[in-house]
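Here is a short briefing to read alongside the model. Please keep the viewer open as you go through the topics.

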Amino acid sequence: MKKAAAILLAGVMAFGLIGCGGTQTSGSGQAGGAAQESSAAADNAAAESTAAESVQEEESSTQAQSADAAADGEGRQFIVGFDAEFPPYGYKDESGEYAGFDLDLAAEVCKRQGWELVKQPIDWDSKDMELDSGAIDCIWNGFTMNGREAQYTFSVPYVDNSQVFVVAEDAGIETKSDLAGKAVGVQKDSSALAALEGDEKALADTFAALNQYADYNTAFMDLEAGAIDALAIDIGVANYQIASRDGGYVILDGEAHKEYLSTEQYGIGFKKGNEELKNTVEATLMEMAEDGTFKQIAEKYADYGLLDSICLGK
């Protein structure tokens, strides 16, 4: 009886050991599955990382190619800063598009260089900030060189310009001396203002007032309204404003233009020291003068005296 009980007990223990061994085997299977899943996840992460690195390398290569192209001039943006109320050099036409002699010249330069032209209107008294910050590449809009040579890197001059006085035809004002006791208008930070505060200060001191305007369109409206008696202005802009009003206003002229305020030249102004961009634009402009394109563009604005004013290629 004891022997039978011992045999039975040994069988139970053996069954228990088999059961424990089965359980251990099952646990080992679960650990192996987890290891396989972990290995797969690691493989996926590695693949994703490799793909991301490949995309980054491709983007870096594309950016490098774009940078090289920009350095070579291909696809470059050329941002021209201009006064949008300074016709015929820069203004908004009847269709609402920016147009003008200087913008047409810039467009031709960009066409020949394979650049994209960006026409960027600016406040004239903020032009230096725009140029220095890199917001624009140049100032190209009836920009007087004289007296500013130390501040900018200029192209060769392309327009001979004069500062003049415009008065109403029936105002009874025929000479500069007749402006004594009169209210005269001028644009802020303009060459006309520089002349009246500089070489012609004695003349300005005889005026009853010297009113400064942000733009010449507003100034001319005040001249029409009688708020001012005369307007000191660039001759090209004066011709444009007078022609657009079918007369009624005249430029003080006199023998040998002695009633003009001053004479000057226009150039393209680049940030001081930017010789590379200046040289590229200037060389293209000279090509345009040599093949006749420069004059053809000026002929579009012949009614405003531009053909008599251009000096490039003469």
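What follows is a tour from the whole chain down to single residues.

This is a predicted model, in which local features need pLDDT of at least 70 and side-chain atom pairs count only at pLDDT 80 or more, while totals for chains, interfaces and linings use all residues. Residues are numbered from 1 along each chain as its sequence is written, and side-chain values use heavy atoms, with hydrogens and water left out.

**The whole chain**

- The chain has 10 helices and 14 strands; these are DSSP runs numbered from the N terminus, helices being H or I with at least four residues and strands E with at least two.
- Of its 314 residues, 39% count as buried, where buried means under 20% relative accessible area, exposed means over 50%, and partly exposed lies in between (1.4 Å probe, protein chains only).
- Among contacts (heavy atoms within 4.5 Å) with a separation of 6 or more, 74% are between residues 24 or more positions apart.

- Helix H7 (residues 235-244) is mostly covered, with seven of its 10 residues buried; among them are Ile-235, Val-237, Tyr-240 and Ile-242.
- The packing partners of the buried H7 residues include strand S8 (159-168), helix H6 (216-225) and strand S11 (230-234).
- After H7 comes Asp-246, with a positive phi near 55°.
- Helix H2 (residues 101-113) has 13 residues and should span 18 Å at 1.5 Å a residue, which agrees with the 19 Å between its end C-alpha atoms; the expected span is 1.5 Å times one less than the number of residues.
- The buried residues of H2 include Phe-101, Asp-102 and Leu-105, and just after the helix Gly-114 takes a positive phi of about 75°.

**Around Tyr-158**

- Tyr-158 sits in the loop between strand S7 (152-154) and S8, and it counts as buried because its relative accessibility is 0%.
- Leaving aside residues up to four places away in sequence, Tyr-158 touches residues including Phe-101, Asp-102, Leu-105, Trp-140 and Phe-294.
- The side chains of Tyr-158 and Asp-102 are joined by a polar contact of 2.8 Å; such a contact is a pair of N or O atoms within 3.5 Å, and within protein one must be able to donate a hydrogen and the other to accept it, with residues adjacent in sequence counting only if both atoms are side-chain atoms.
- Tyr-158 and Gly-267 are 109 residues apart along the chain, yet 6.1 Å separates their C-alpha atoms.

**A three-strand sheet**

- Three strands make an open sheet in the order S2-S3-S4, with antiparallel pairing; the edge strands, S2 and strand S4 (98-99), each pair on one side only.
- Two bridges join S2 to S3, and two strands pair if DSSP finds at least two bridges between them.
- Phe-86 has Gly-90 in S3 as its bridge partner.

**Backbone details worth a look**

- Most residues other than glycine have a negative phi, and most peptide bonds are trans.
- The peptide bond from Pro-87 to Pro-88 is cis, with omega near 5°, and Pro-88 is in the loop between S2 and S3.
- Asp-189 is not a glycine but has a positive phi of about 55°; at 35% relative accessibility, Asp-189 counts as partly exposed.
- Ala-256, also not a glycine, has a positive phi of about 55°; at 73% relative accessibility, Ala-256 counts as exposed.
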